[in-house]
Amino acid sequence: MRRRSFFRVAGAAAAASTLVLAGCNPGDDSPKPSTNPNLLILGGGDNGLLNYAYLLEQLEAAFYQKVLDALPADLLPGEKDALTDLRDHEVIHREFFKQALGTNAIESFDFDFSTLTLTTRAGVFAAAKKLEDLGVAAYAGVGKLITSSVYLGLVAKIASVEARHAAYVRDAVQANSLATADADTIITTGDFAALNVALTPAQVMSAAAPFLKFIVDTSQLPKA
Amino acid sequence: MNIFKLLANLAEVDPEAYQRLSARRGMLSSLGQLSRKTAATALPLGVGAVLQKAYGRNTQTILDTFTLALTLEHLENEFYTKALEAGRNGTLTFAPGTQAVFQQIQAHEQAHVAFFQRQLQSSNAAVPAKPNFDFTGSKNGTKPALYADVFTNFATFLKVAQLLEDTGVRAYKGQLEFLISDNDVLQAALQIHAVEARHAAHIRGMRRALGANVRDWISKDDETITNTSTAAVYAGEDAEKQTLPGLPITQFPTDTTPFAVGPKPKVSLGEAFDEPITTGVATQLAGLFTF
């Protein structure tokens, strides 16, 4: 991870006071300095939410780039092109959020994919399925918290493309995958049956933790 | 005056008053508890001045959105129900393994119909009746059919399914701004929007498996399956620029530093963002199959 704007300071006491100060200034949505070199504090407001999305898109773009850097030998025809499309879409999403955030953007990060098996087709698509489903559930969970209707619209334009990605990689894992109901993806019972699962930022960051070289503090993101 | 319209207008002209009412009574914020019934009786006294401001405006409301959504979900539900019937009757032959997918999709659409019906009922709002559908596009034989073999030719069925699902995704996206005042409603719409996008992609994948030049995402490189009547399904969908209002540089990507990634940057830019359609376009497209 690059250091310059991913603030590192000294001592937990300073971190606590940063949080308190941030709480006193709800109008400031910029990412907050952290005293812990391994802690990324996402800011509040729409900027915090956009930074959350920016972090997820960084993760997805880095994943597909890593896959393309050393493609498994057993890919089926057409899959290299599709994985290239997926990488390109995620890079575009990443750069979109970076430009939208401007000086409020968090740093760009490296990720740790060492827990994944990326040398086989099955391993690549199993990992992609987890990441894409996570992205879809993340967007479904935070879209409502965005206060700007313009950014809500822009995020929704990306969210449905992520759902298309998820469908693609799920079918790559298992042909006609939608035939098998999966309650982790689409709710299967109750009043909210047939709605996509929605996850909170804390849930998403917990699931993404194996890939992150740092801890993400989502506590300043809007909750309602 | 419809209570939904009134509250939506109130949210617009006086967000603070709306918040006070909403917080106090749980109005429009209680989708999860299905307790919108309270809204009809919850208006406290002393808000006359605010209501005067809200009254008489004619903006689209949450109720309008739910009515459109219910129509689209009825459309999709009946479409798949008819196709599965045709499969059972032997008049439509599904590609191996796909019938079970369409059973799931139909079950999802049926649940979406029920979801919106419940929301409308629990708000004491009128629940619109299911329209009459003709998926050949002949309006019950009163005009030439657009897709005469929709339930006898699997390739045609898949094409119409793709058009309906992609329309649904774009339509939900176009409605989100009208739901922004209510987090619970907005979240449900986003969750359904994601499921419709999954449907669209799975159906596109089935067409590709049968030899069509089509991707799971909407691409300029996809073969054209629309005609004059259905052109609006993809009109404006391949936008290569996004507008970022209020920033020093209001366009993504910028003109000065062309954004290049991968072998076909402009096509990828169009693919990476799904675009909305308006209420009017969505209604017109649904109208192709209603009579």
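This is a predicted model: local features need pLDDT of at least 70, side-chain atom pairs count only at pLDDT 80 or more; totals for chains, interfaces and linings use all residues.
In chain A, helix α2(A) passes helix α4(A) in a left-handed crossing. Helix α2 covers residues 45-69 of chain A and helix α4 covers residues 121-142 of chain A, and their axes come within 11 Å and cross at roughly 165°. Since angles over 145 degrees count as roughly antiparallel, that crossing angle makes α2(A) roughly antiparallel to α4(A). On the side of α2(A), the contact is made by A:L49, A:Y52, A:L56, A:E60, A:F63 and A:V67, while α4(A) contributes A:V124, A:L131, A:G135, A:A138 and A:V142. If you sort the residues of this contact by class, you find nine nonpolar, one polar and one charged.

Let me now turn to where the two chains meet. In this model, 47 residues of chain A are in contact with 51 residues of chain B. On the side of chain A that touches chain B, the elements that give two or more residues are α3 (79-101), α4 and α5 (149-173) of chain A, and the largest share, 17 residues, comes from α5(A). By class, this side of chain A has 27 nonpolar, eleven polar and nine charged residues.

Of the 291 residues in chain B, buried residues make up 45%. Among the contacts in chain B between residues at least 6 apart in sequence, 70% join residues that are at least 24 apart. The domain assignment divides chain B into domain 1 (3-54), domain 2 (62-236 + 275-287) and domain 3 (242-272), and the centres of domain 2 and domain 3 of chain B, taken over C-alpha atoms, are separated by 30 Å.

The crossing of α7(B) and α8(B) is left-handed. Among the residues that meet here are B:L158, B:A161 and B:V169 in α7(B) and B:A189, B:I192 and B:I203 in α8(B). The residues of this contact divide into ten nonpolar, five polar and six charged.

I will finish with a few details of the backbone. Which peptide bond is cis, with omega near -10°? The bond from B:F252 to B:P253 is the one to look at, and B:P253 lies in the loop between β2 (251-252) and α9 (265-272) of chain B.

Two other residues have a positive phi although neither is a glycine: A:A194, at about 75°, and B:N124, near 60°. A:A194 is found in the loop between α5 and α6 (201-208) of chain A, whereas B:N124 has its place in the loop between α6 (99-122) and α7 of chain B. Is A:A194 buried or exposed? A:A194 is buried, because 24 other C-beta atoms lie within 10 Å, and B:N124, with 15 other C-beta atoms within 10 Å, is partly exposed.

Technical notes. Residues are numbered from 1 along each chain as its sequence is written. Chains are lettered from A and ligands numbered from 1 in the order in which they are written. Domain bounds come from an automatic or database domain assignment. Axes are lines fitted to C-alpha atoms, for helices over the stretch in contact, and angles run from 0 to 180 degrees between N-to-C directions. Helices (H or I, at least four residues) and strands (E, at least two) are DSSP runs, numbered from the N terminus. Angles under 35 degrees count as roughly parallel, over 145 as roughly antiparallel, 65 to 115 as roughly perpendicular and the rest as oblique. A crossing is left-handed if the near helix is turned anticlockwise from the far one by less than a right angle, and right-handed if clockwise. Two residues are in contact if their C-beta atoms, placed from the backbone, lie within 7 Å. Ala, Val, Leu, Ile, Met, Phe, Trp, Tyr, Cys and Pro count as nonpolar, Asp, Glu, Lys and Arg as charged, and the others, Gly among them, as polar. A residue is buried if 20 or more other C-beta atoms lie within 10 Å of its own, exposed if 12 or fewer, and partly exposed in between; C-beta atoms are placed from the backbone.
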